[in-house]
Amino acid sequence: MPEPVPAAKPEGEADPQPGQDEPLPADGESRSTELTGLFLEKPPENVVAVAGSDITFIAKVDSSTLTRKPAMKWLKGKWLDLGSKAGKHMQFKETYDRNTKIYTYEMKIIKVVPGDAGGYRCEVTSKDKCDSSTFEISVEGDTQYDCFREKTTFRFSTPITYIFLFPFSLIDRKKKPVKEEPEIDVWELLKNAHPSEYEKIAFEYGITDLRGMLKRLKKMKVVEPKHSEAFLKRLDSCYSVEKGKKIVLKCEVVDPDVQVKWLKNGQEIKPSAKYVMEANGNVRTLTINRTTLADDAAYECVVGEDKCFTEVFVKEPPVTITKLMDDYHVVVGERVEFEIEVSEEGAHVMWYFEDIELHKDKDSKYRFKKDGKKHTLIIQEATLDDIGMYHAWTNGGHTKGELEVEEKELEVLQDIADLTVRATDQAMFKCEVSDDKVTGKWYKDGVEVLPSERIKMTHIGRFHRLIIDDVKPNDAGDYTFVPDGYALSLSAKLNFLEIKIDYVPRQDPPKIHLDTTGNMVSQNTVIVVAGNKLRLDVEITGEPAPTVVWSKGEKCPFCKEDTSCHINTEGRVRVESRKDLSCFVIEGAEREDEGNYTICVTNPAGEDKAMLFVKIVDVPDPPENVKCTSVGEDCGTIVWDPPVFDGGAPLKGYLMERKKKGSSRWTKLNFDVYESTTYEAKRMIEGVMYEMRVYAVNSIGMSPPSLSSKPFMPIAPTSEPTRLTVHDVTDSTCTLKWLAPEKIGAGGLDGYVIEYCKEGDTEWVVANNELCERQGFVVRGLPVGEKINFRVVAVNIAGRSLPAILQQPVTIREIMEYPKIRLPRELRTKYIRKVGDKINLTIPFQGKPRPVATWYKDGQPIDAKMVNVRNSNVDTILFIRSAEREHSGKYELVLQIENMEDRATVEIRIVEKPGPPVNVKVTEVWGFNAALEWQPPTDDGNCEITGYTIQKADMKTKEWFTVYEHNRRTNCTASDLIMGNEYMFRVYSENLCGQSEEPRQSKNTAVIVKTGLESKQNPFKEQDMSCVPKFTQPLVDRSVVAGYSTAISCAVRGFPRPKIVWMKNKMIIGGDPKYLMQNNQGVLTLNIRKPSTFDGGKYSCMAVNDLGKDEVECRLDIRSKNEGEERG
């Protein structure tokens, strides 16, 4: 462990003056009270907090003299590293100020619990230096303290932050100047005083922490160490070891032959492979192999009745991320899996979407998977709402990945092909698309094709077919398939081959009839896609039947002469003969099949020849020389060369992909082809190495990928410096100050360049020869009386940033301070107060000479009779003795110095309790229930109505009882009323200030009719009450906001009592706890707890008994919260 930094104290430094604030040493040692070592600020030594509150401890370290970044550890006890406990309860934060080179470390405990009480320590190390600070936390319940506790401790019931150089800075008091008095050693007074005088001396000399004072006095007493008869050298007070490593506990005994026992937490340890006990002369050792967290305990070495103690603290190493998260680029509906690997199995990983932590909820779209060291975040079906940055955090690492989601596009897997058929044959057009749910229509020459006995259209899965039986000449034409909902169409042509039978002489010269449609792109050229099959049917006439010979090329290697090479009737390239037809077939066309083909037909009457050119087209070769030419903060410019071979078809464009270096997952950058050979890739993470590759696309398809580019890293200059201001001006100098750029990035910040030029000039002069590392600079040698423009540029490895320019030129003369309003934080939002409250707003400002402050309300000067204003040199006060509703509005403060001004707006809203609701009435009474309705109050108290309170009272006792509280709707149903009673109702309105002063009573009452007695006549004949179920009140369509529980109701009658079945989208709702089904005397209610958008749909209720059934249904629409607020 590095050597601790000594707490240096200047030679001859005197003890602190009595009455001055002085931190007490946590260990009670007598040492200097000055903060020394690496710490500039330390946490307070003694803190008392109320359970349930939040506490933040802050420590600051000066790194100006350090050679490397300091490492901070927060520990509980002595060696329990709290870094592994980071989570919802404990949070840690580290910030760095580049200007002052000070690191700030924060430890925040959320909702303190009694278990958080105890001793803590913060330890900072840097190479060969270290420093530490101890502090103690006491947790108290939320109860009243006794008088002594109130005088001597501090109690906080709200979240508090400690930022201390001295613990007594907790008290905000103004120190009065103290006359010089002789130095008095307070601790000598306390040591010699009676304990009954401690409190008097403490308050006389300004010591407020009596608990710390008593602790220090107790430890200042010298206690002589107890001599041990059994041990020459005891165990050290504590040991520290990293998890998984070995530790040795060693002590020395007086008698070399004595037997010792080793205890762990009071239990004797037995020798084993884990615990090895050795005796070597007077030395006794206990070796613990492969330590785990269970070995963090108290250990004892026992010799007879003598013991020595120690504690072992096992430090758990931080969990690091060994495999970083990849980016994803998917289409809507695809599954996304963000996967990382960590250094330890069973580690805790926190997932975030942007700044929102993701949890494993029942209704959440996110799923989390753990497999050893692998942790996976799964999104089953990606939507456009999932676009953004996803983060994974451990206590020792962080990684992030970007998800991009594109709209799903329809892909054509098989296009329809041209057909040439003869009379009475069947013609079938077939195509295949990527989505099996897409429907479409067929058109012939722009007119929709309707099905008939001869024309049939089918849709099976992804295949769409148009079948025409018994083809006729009028069926020839252009056929088109148009998918519904997509700007896409597939076209092909139907050619009718008409066979004419003419009576000709027996001798007829042969004739070749070439069909120039179909695959023919010109009169003698046929285009075939590589890998596809070519079948060319050529009609031949002649009497007698002619002989057909197909040949390719100009020289036959078999015939040894300049004739064509004959094509056989078998093989991949072959000729098939039929009556009056010669079929030329190429199976699986290849590039070598391209060339001129000749057909020659002969018979005794003559011969005929024709020549065809078969062109083979293929996907292009991959692009070449892919490289990155320039980079930005989150982008990079990629260039490449077109492919050497375009596949025989013009290039349509390119598709690009990227990936992080070391990853195997490529992410698409574009779905539509990109025509240029220069592309700017965006939305990349600065400081991460990327690789790119490119695909070429023509009408045939996509080429293989190009070779990956050399890895490149997005990096950019910083943003411009912020808040450039003039701090001071003299006759020849101007002092500028500014803040660091908001975005520095992976390139860091090397320094600043300050430039100036005279007003009207365009040539900027550099004021500093070397980069300025501070955030302030004095520009010297300026001409007196000139108006000068200034600008500051930040510089890093990527170059210069945009300049921060002063809005106005500076006149080089004694400074006139620009007016500036320092609006307090609580006034930057809406300032709400109740009617009758006192309003006293103090707003400080600055400016020289003295600014003129003017107040306006809603654009008009304020009325001095309603609002009082007092202005001074440094602030303005707006005072209202008793606030009224008419005081609400926007108040604007204008601060002026000559032609310069500054403005600030404060919005004040005065609220009060609302008036009662309007038109309260009982609308319906049935069974033991009564339905009430009312209208919102005419006076809402100048703020939103948050709910209503409904009460009932029977006319006999007239005692009021609450039926509902915080009811947000303007209607309700009062249930469980008593038969025979008459009830009246009243309703209160509620808002931010509370309930309305007076309720509104219902205009009418609800009478619960008492069933009368009927005498039974003899003989009595029982009436048949059986009836088919019938809904007397149907379900009503509803539209509700997601997240707010709702209910749908209906009423049914029937005997025997029908069985009720609730269904959603014709599916029976089972025992899902989200749904609560109630049946109250035929009134059926389905309660839906906190519905989401997936709970929308058609709900139906079916009543069934032996006589029949009846069913009603309604539609329930679930709106998102944002949509609900906009409608509201």
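Is Asn625 buried or exposed? Asn625 is exposed, because its relative accessible area is 51% (buried means under 20% relative accessible area, exposed over 50%, and partly exposed in between, with a 1.4 Å probe and protein chains only). Asn625 belongs to strand 48, residues 624-631. Helices (H or I, at least four residues) and strands (E, at least two) are DSSP runs, numbered from the N terminus. The phi angle of Asn625 is near 55°, a positive value in a residue other than glycine.

This is a predicted model, in which local features need pLDDT of at least 70 and side-chain atom pairs count only at pLDDT 80 or more, while totals for chains, interfaces and linings use all residues. Residues are numbered from 1 along each chain as its sequence is written, and side-chain values use heavy atoms, with hydrogens and water left out.

Consider the chain as a whole. It contains five helices and 89 strands. Of its 1128 residues, 39% count as buried. Its accessible surface comes to about 65,800 Å², and 48% of this belongs to carbon and sulfur atoms. Such areas come from the Shrake-Rupley method with a 1.4 Å probe; for residues, only the protein chains shown count as cover. Contact means heavy atoms within 4.5 Å. Among the contacts in the chain with a separation of 6 or more, 63% are between residues 24 or more positions apart.

Next come the sheets. Two strands pair if DSSP finds at least two bridges between them. Strand 2 runs parallel to its partner, strand 9 (residues 129-140), over five bridges. Within this pair, Asn46 has Glu136 in strand 9 as its bridge partner.

Another open sheet has four strands in the order 38-41-45-44, with antiparallel pairing. Strand 38 (508-513) and strand 44 (573-578) are the edge strands, and each pairs on one side only. From one strand to the next, the twist averages 20° (axes are lines fitted to C-alpha atoms, for helices over the stretch in contact, and angles run from 0 to 180 degrees between N-to-C directions). Six bridges join strand 44 to strand 45 (residues 581-586) in the antiparallel sense. The bridge partner of Arg578 is Leu581 in strand 45.

Two histidines can be followed in detail. His464 sits in strand 35, residues 463-468. His464 counts as buried because its relative accessibility is 3%. A polar atom of the His464 side chain lies 3.3 Å from the backbone oxygen of Val438. A polar contact is a pair of N or O atoms within 3.5 Å; within protein, one must be able to donate a hydrogen and the other to accept it, and residues adjacent in sequence count only if both atoms are side-chain atoms. Leaving aside neighbours within four places in sequence, His464 is in contact with several residues, including Phe429, Val438, Trp442 and Phe481.

His887 is placed in the loop between strand 69 (875-880) and strand 70 (889-897). His887 also counts as buried, because its relative accessibility is 5%. Its side chain reaches the backbone nitrogen of Glu884 at 2.9 Å. Not counting residues up to four places away in sequence, His887 touches Lys857, Met866, Val867, Ile880, Ser882, Ile908 and Ile910.

Glu786 lies in the loop between strand 58 (776-779) and strand 59 (787-796). With a relative accessibility of 32%, Glu786 counts as partly exposed. Asp976, in the loop between strand 76 (971-974) and strand 77 (982-991), counts as exposed because its relative accessibility is 66%. The phi of Asp976 is near 60°, a positive value in a residue other than glycine. Pro1056 lies in the loop between strand 83 (1046-1055) and strand 84 (1059-1064). The peptide bond from Phe1055 to Pro1056 is cis, with omega near -5°.

Finally, the cysteines. If a disulfide is a pair of cysteine sulfur atoms within 2.5 Å, the count comes to zero disulfides. Cys628 is in no disulfide, and the nearest cysteine sulfur, that of Cys635, is 9.1 Å away. Cys628 is partly exposed at 25% relative accessibility, whereas Cys600 is buried, with a relative accessible area of 16%.
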